[in-house]
Amino acid sequence: MAEERTTEDATVGGRTVPDFGKIYHVKGELSLPHSGDSKLEPFEVWYDLEGNRSRIDYHNSTVRTFLIGNDSDYGAIFKVTPFITDTNINAIKYFQLKGTKEDPIRPQAALPDLQDFEFEKMEDYAGVQCEVWKKVTQAGHKKNTYRLWVKRPEGKDSPAVPYHFEMVGFNTLLQSYNDNYMIDYSDFSSQTESDVFTPPGEMTYEEFPDPPEEHQILANPLQDYVSTSPVSHAHRLFGRFKEDFERQYESEKEHEERENYFVHTQRFVHSSNRAGLSYSLGINDFADRSKAELARMRGRLCFPE
């Protein structure tokens with residue numbers, strides 16, 4: 001049975017629903033254990049809902065993204081990122097993605113929208129007493145459980161501070177837990193400076209490179225991780241992948257497995273490319289293969305029979 005929710009005082013079962021405000025600054029570290037990347041991806045977010053703007057930096061400002069809802073008719077996203085060329089691995093590129101009437105640009109929150117979250121329990125997490133707020137969604141065979149751990153340093157009725165966020169995905173057809181990602185938050189503040197939202201001026205901003213289906217992930221990577229939609233942009237790209245590489249799977253179960261491998265490959269590729277390394281990764285026709293399959297293929301290539 002769902003907890004009792006009271007709109008007037010924003011409580012669920014006697015607990016005050018966390019409200020992080022319309023303006024905040026927070027740091028975080030993203031972990032993608034199912035995507036084959038053991039490294040944490042640090043990010044920093046400045047959020048201003050009233051000003052219709054946000055900024056998200058990745059890897060200590062190696063990549064900077066500015067989401068400005070008031071720019072042009074439908075807003076725009078500006079991205080400043082390292083770009084590898086044939087002659088320069090330290091080049092900087094400036095990209096712009098304009099919003100449309102159907103898909104206007106809005107500020108990107110660093111925290112999940114807690115609408116429909118329910119208070120689950122009190123729990124000691126990493127030595128800190130926290131409230132745990134939970135939401136479960138299902139689309140097709142994908143059942144995702146989202147939990148947000150919050151602490152209240154000044155007592156039960158004091159403002160909440162985000163501490164940890166985690167998604168655990170279960171596929172009902174495969175009967176396996178096949179997805180998981182986590183965000184650890186720190187340095188939360190309800191204040192921010194207005195000048196941090198200004199993209200670098202006097203620069204030539206180019207359109208995002210092809211394929212256009214990846215523009216949303218390139219321009220606003222965090223959206224897939226704090227959203228509670230069970231179908232992400234990475235999932236939607238699987239349809240294009242199947243067309244490009246003429247994939248046909250023998251069963252619905254194989255389709256689910258291949259989509260899962262593809263999603264984790266996508267996440268790993270884009271997370272690695274945001275790190276400003278001396279190389280970049282891309283999606284190829286092996287993106288829907290498992291690690292075991294890839295290892296066997298490499299073995300055959302290196303030691304042909």
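Trainee: What makes strand 8 and strand 9 (residues 91-98) a pair?

Mentor: Two strands pair if DSSP finds at least two bridges between them. Strand 8 and strand 9 are joined by eight bridges in the antiparallel sense, and Pro 82 has Ile 92 in strand 9 as its bridge partner. Strands here are DSSP runs (E, at least two residues), helices likewise (H or I, at least four), both numbered from the N terminus. Keep in mind that this is a predicted model: local features need pLDDT of at least 70, side-chain atom pairs count only at pLDDT 80 or more, and totals for chains, interfaces and linings use all residues. Residues are numbered from 1 along each chain as its sequence is written, and side-chain values use heavy atoms, with hydrogens and water left out.

Trainee: Which way does strand 8 run against strand 7 (residues 63-68)?

Mentor: Antiparallel, with five bridges joining the two. Phe 66 has Phe 78 in strand 8 as its bridge partner.

Trainee: Why is strand 8 (residues 76-83) called largely enclosed?

Mentor: Buried means under 20% relative accessible area, exposed over 50%, partly exposed in between (1.4 Å probe, protein chains only). Six of the eight residues of strand 8 are buried, so the rest of the structure largely encloses this strand. Across the protein, 46% of the 305 residues count as buried.

Trainee: Nice! And why does Leu 277 count as partly exposed?

Mentor: Its relative accessibility is 31%, so Leu 277 counts as partly exposed. Leu 277 lies in the loop between helix 4 (252-273) and helix 5 (291-302).
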